[in-house]
Amino acid sequence: MAAEGYFFTPLVLLILPKKCHDEFFVKFNFFHAQCLKLAISKALGYGIVVGSSIIKIPQIIKVLAAGSVEGLSLMSFVTELVATTLTTAYSIQKSFPFSTWGESFFMSIQTSLLIVLYFHFNRKPSSAAIFFAIYSMVVYILLSKYMYQHLLTQFMSLVIPLMAISKVLQIAANFRHGHTGQLSFLMVFLLFVGAVARIFTTVQETGDLIMLSTYCMTTCLNGILVTQVLYYWNAKVVEHQKSD
């Protein structure tokens with residue numbers, strides 16, 4: 001049967017190439033190694049993108065409920081925002097599949113909101129407005145036709161140290177405070193799982209060494225953050241009881 005003979009074929013071809021569609025649904029060869037890896041990678045990729053659209057919502061809710069950003073590092077947010085924004089712009093300019101970088105787009109939006117909340121709860125509305133204006137201008141420039149590819153690639157090489165700095169700043173703040181404050185366990189756990197999955201999808205779909213190195217590094221550092229939240233779990237409870 002030809003690929004176009006199935007009613008679901010157009011949907012499948014949005015995700016998989018025609019060759020893999022035929023292997024699965026014409027030849028019924030569901031264990032074709034290359035296509036199976038690609039199908040798993042696409043499923044993981046879109047799963048990560050969907051999950052990332054709400055990945056920082058637990059953190060945002062926790063901040064709003066507490067009315068506080070205690071224990072959170074502003075510089076960690078800023079450096080992470082720069083890294084995810086560069087990843088988004090780089091991937092768009094390189095025409096990478098959305099399934100390989102979509103979470104960076106959603107995380108940029110949510111991280112920028114956390115920065116605004118940080119300024120809000122520290123009573124600095126003017127800083128929030130300035131941040132929003134500067135960030136909007138930077139995003140416009142990165143995505144415009146005037147952005148040189150080689151320059152954007154150079155910027156992308158900064159993502160690894162920026163993501164490292166972002167995570168290390170939060171890790172250091174946790175050690176310094178002896179607790180993780182309003183840091184959300186669900187968020188850091190989902191970030192850890194997502195980074196692990198991204199290693200696989202990057203190898204399968206882009207092979208980009210910069211992005212692969214970034215995800216390997218963030219997997220390790222997110223793992224440390226997960227460990228810290230668990231280790232300081234009781235410390236947060238004790239601090240809350242003392243403040244009551």
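Which residues does S112 touch, not counting residues up to four places away in sequence? The close-ups below, all from a predicted model, start there.

Close-up 1. S112 sits in α6. Leaving out residues up to four places away in sequence, S112 touches L81, F131 and Y135. Its relative accessibility is 13%, so S112 counts as buried, the cut-off being under 20%.

**Close-up 2. The largest nonpolar core.** Here we look at a core of 42 residues, in which L183 and V188 touch the most other members. Helices that each supply at least two residues are α4 (57–66), α5 (74–93), α6 (102–121), α7 (125–143), α8 (149–156), α9 (159–177), α10 (185–205) and α11 (209–231). The top contributor is α11, which gives seven residues.

**Close-up 3. How α10 and α11 cross.** The two helix axes come within 8 Å and cross at roughly 155°. That angle is over 145°, so α10 runs roughly antiparallel to α11. As for handedness, the crossing of α10 and α11 is left-handed.

**Close-up 4. The residues between α10 and α11.** On the α10 side, the contact includes F185, V188, F189, F192 and R198. Residues of α11 that take part include M211, L212, Y215, N222 and G223. Sorted by class, the contact of α10 with α11 comes out at 17 nonpolar, five polar and one charged residues.

Definitions and conventions. Residues numbered from 1 in each chain as written. Predicted model: local features only at pLDDT ≥ 70, side-chain atom pairs only at ≥ 80, totals over all residues. Heavy atoms only, no water. Core = buried A, V, L, I, M, F, W, Y, C linked by side-chain atoms within 4.5 Å. Buried < 20%, exposed > 50% of the residue type's maximum accessible area, 1.4 Å probe, protein only. Helix = DSSP H or I, 4+ residues; strand = E, 2+ residues; numbered from the N terminus. Axes fitted to C-alpha atoms, helices over the stretch in contact; angles between N-to-C directions. Parallel < 35°, antiparallel > 145°, perpendicular 65-115°, else oblique. Left-handed = near helix turned anticlockwise from the far one by under 90°. Contact = heavy atoms within 4.5 Å. Nonpolar A, V, L, I, M, F, W, Y, C, P; charged D, E, K, R; others polar.
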